[in-house]
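Colleague: Before we use these coordinates for anything, could we go through some local features together?
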Amino acid sequence: MLKIENITVKVLDKTILEDFNLEIQPGEIHVLMGQNGAGKSTVSKVLLRDMHYEVVKGCITLNGKDLLKMNTTEVARDGLFLVNQNPVEIKGVSNAEMLRTALNDQGKKEQNILEFNRSLTTLCEKLEIPTSFIHRDINYNMSGGEKKKMELLHMWVLKPNFIILDEIDSGLDVDSLKLVAKSIQEYYESYKPSILIITHQKALLDIIKPEFVHVLGNKKIIQSGHYELALKIFNEGFSGASIIDKSDACE
Amino acid sequence: MNKIIVEQNKFYLSDEKVILSSFPSSFSLFVKGNVYCGIKDFCNKDVKIYLEENSHLTLEILIYVTNTKNAIKIYNSESSKLDFYYACVFCGENELMIENEMTTSNNKNQIVVRAVENDGTLIVKAVGSIEENTKNNEYVEDIKAITKNNHCIKIMPDLLVKTDSVLAVHNATIAPVDEEELFYLKGKGLEESNATSLIKEGFLKGIIENEELKEEF
C-alpha cells in the first residue's frame, strides 16, 4: 500500500507540490490527471526517490515502510517501477546485461543464461519487439514506441508490485498503444499490482479501466472521483469541466 | 588468405582483420586496402601509422593503463581514412599523445577516445595539422572521460588548420558518471556500485565493435 500524507516538495527552492495527499491500496488502479506543468511527473520522481526533488514536509509509506528513508534502489527492490515518459539511453549497456544485474542485485535466484534468454525472446515476441533488442544498448537509437515496449519488457522481467506509468501513451501510434495497454492489462490480471497512471489520453483508459481518478492543480489534488471524472475531462477539458483554473498551473 | 608481414618493428597490414597483442615498444604500422586492427596490449608504446593511398584502417584499442605513456603518429596518403577508437581505464599517471599530420587531400580521420578514471591522472594531447594546399579533408576528435574528480584529466586539443577546404571538429567532455543514467539503473533495482560499473564499462565498450576485445576486457 502507498500512503502519501501532506507532502510539500521543492525543486531548487521552488514549491511544486504542497499538502499533497494520495492513498493507493494493493491492486488498485488510479489515474492522475492535470494540466501541463501541474506537477504530475514530480509525484513519480518523488516516489522513486530522485534526490533533486526535496520533500520538505509530510510523510510517505510504501508497504508499511518509510519511503523517505529509502534510496532509489531500495524503493525499486520493494517493488516500485516507473515507466518514464522519455526513458534515458545508455550506450554500451545491453538490456539483457542490465536485467541480469538487476535480478542478481534483487537477490532473485540466478537463472540459467539460456532459460533467461528464452524468456526474454518470448516477451519480445509478445510485445512485437525484434529479439535482437535484448542485446542492444538500453533505449539507444530506438523510437519512442520501441522504448516504451522495452520498458514493459523490463516490467515483465522484474515483476514489480507497484507500477507508475508516466505518460506511457505519449508518442505511440494507435496499434502500439493498444498493444502496450493490453500488455499492462495482462500483467495486472496476472500479478494484481497497484498502478498509478499519469496521462492526458483517453485511449489508454479505454483498455485499462481505472477505479479512481484524481486531478492535480494548485500543487495538490483538487478533485477525486471515478472513471466518469476522467471522461468529463476528456470531453470538456479541465476548464470546461470547471475543475481547474488556468492560473493554477505552474511550470 | 590474410597475412601480416613483420620486419624490424614494421607491421604491414593489407586487406585484413587482425587482433594484435604483442608489440615492441616502438613500431610502425603500414596499412594498405581495408584493414581492421584490434589491439589488446598497448602500454608505453610509440607507434607510427602510415595509411597508403585509398586505404581505410579501423583501429580499436581497449585497455587498462597504469603509469603509461602512449604516443601515436598518423600519416595519411591521398584519399585514406582512419577510424581510431581508444578506450581505457586508467590509474597512476598516464599520457596519451596523438599527432595527425595531413599533408594530402580527401582524407577522413576520426579519433575517438573514451577514458574512465580508476584513481589516477591522464593527459590527452591531440594534435591535428591540416597543411596548406590540401583539400576536402575531414578531421574529427571526440574525447570523453568519466572521472571522480575533474582535475585528474587534462585534454589538450590542438587543431592547426592551414587551409579553408577542411572540416575539422573537436569535442571534449570530462564529467562524473551521468546522474540520469545512474538514476534509471537504480530505478530498476541495481545497487549504485553495480550501476556505476555497468555505465563505465558501457561507456568504454560503446565505441568498440569487436566482440573478442570486449569479452577479454
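Colleague: In which strand is I198(A) found, and is it buried or exposed?

Modeller: This is a predicted model, and in it I198(A) has a relative accessible area of 0%. Buried means under 20%, so I198(A) is classed as buried. As for the element, I198(A) belongs to strand β10 of chain A.

Colleague: What separates the C-alpha atoms of I198(A) and I164(A)?

Modeller: The two residues are 34 residues apart along the chain. When neighbours within four places in sequence are left aside, I164(A) is one of the contacts of I198(A), alongside others including L32(A), L165(A), D166(A) and E167(A). The C-alpha separation of I198(A) and I164(A) is 7.6 Å.

Colleague: Which residues in α1(A) are buried?

Modeller: Helix α1, residues 40-47 of chain A, is mostly covered, with 6 of its 8 residues buried. Among the contacts of I198(A) are K40(A), S41(A) and S44(A). Just after this helix, R49(A) takes a positive phi of about 60°. The buried residues in α1(A) are K40(A), T42(A), V43(A), S44(A), V46(A) and L47(A).

Colleague: At what angle do helix α5 and helix α6 of chain A pack?

Modeller: Two packed helices are described by the angle between their axes and the distance between the axes. Here α5 covers residues 144-158 and α6 covers residues 174-191, and their axes lie 11 Å apart. Because angles under 35 degrees count as roughly parallel, α5(A) is roughly parallel to α6(A). The packing angle is about 10°.

Colleague: How many nonpolar, polar and charged residues has the contact of α5(A) with α6(A)?

Modeller: From α5(A) the contact draws on K149(A), L152(A), M155(A) and W156(A). These meet residues in α6(A) that include L179(A), V180(A), I184(A), E186(A) and Y187(A). By class, the contact has 8 nonpolar, 3 polar and 2 charged residues.

Colleague: Is D169(A) buried or exposed, and which residues is it in contact with beyond its neighbours within four places in sequence?

Modeller: D169(A) lies in the loop between β9 (162-166) and α6 of chain A, and its C-alpha atom is 12 Å from that of L152(A), 17 residues away along the chain. With a relative accessible area of 6%, D169(A) is buried. Setting aside neighbours within four places in sequence, the residues in contact with D169(A) are L177(A), T199(A), Q201(A) and L204(A).

Colleague: Where is N63(A), and what phi does it have?

Modeller: Most residues other than glycine have a negative phi, and most peptide bonds are trans. N63(A) is placed in the loop between β4 (54-62) and β5 (65-66) of chain A, where it is partly exposed with a relative accessible area of 36%. Although N63(A) is not a glycine, its phi is positive, at about 50°.

Colleague: What is the phi of K192(A)?

Modeller: K192(A) sits in the loop between α6 and β10 (194-198) of chain A. Its relative accessible area is 48%, so K192(A) is partly exposed. K192(A) is a residue other than glycine, and its phi is positive, near 45°.

Colleague: Which residues touch the most other members of the largest nonpolar core?

Modeller: In soluble globular proteins, nonpolar side chains tend to be buried together. The largest nonpolar core has 75 residues, and a second, separate core of 43 residues includes L29(B), V47(B), V65(B) and L96(B). Not counting residues up to four places away in sequence, L185(B) touches residues including I90(A), M98(A) and I138(A) as well as L190(B) and I199(B). The residues that touch the most other members of the largest core are L153(A), I197(A) and L185(B).

Colleague: How many disulfides are there over all chains?

Modeller: A disulfide needs a pair of cysteine sulfur atoms within 2.5 Å. For C91(B), the nearest cysteine sulfur is that of C43(B), 10 Å away, and C91(B) is in no disulfide. C91(B) is partly exposed, with a relative accessible area of 23%. Over all chains, the count of disulfides is 0.

How values were computed. Residues numbered from 1 in each chain as written. Chains lettered and ligands numbered in written order. Predicted model: local features only at pLDDT ≥ 70, side-chain atom pairs only at ≥ 80, totals over all residues. Heavy atoms only, no water. Axes fitted to C-alpha atoms, helices over the stretch in contact; angles between N-to-C directions. Helix = DSSP H or I, 4+ residues; strand = E, 2+ residues; numbered from the N terminus. Parallel < 35°, antiparallel > 145°, perpendicular 65-115°, else oblique. Contact = heavy atoms within 4.5 Å. Nonpolar A, V, L, I, M, F, W, Y, C, P; charged D, E, K, R; others polar. Buried < 20%, exposed > 50% of the residue type's maximum accessible area, 1.4 Å probe, protein only. Core = buried A, V, L, I, M, F, W, Y, C linked by side-chain atoms within 4.5 Å.
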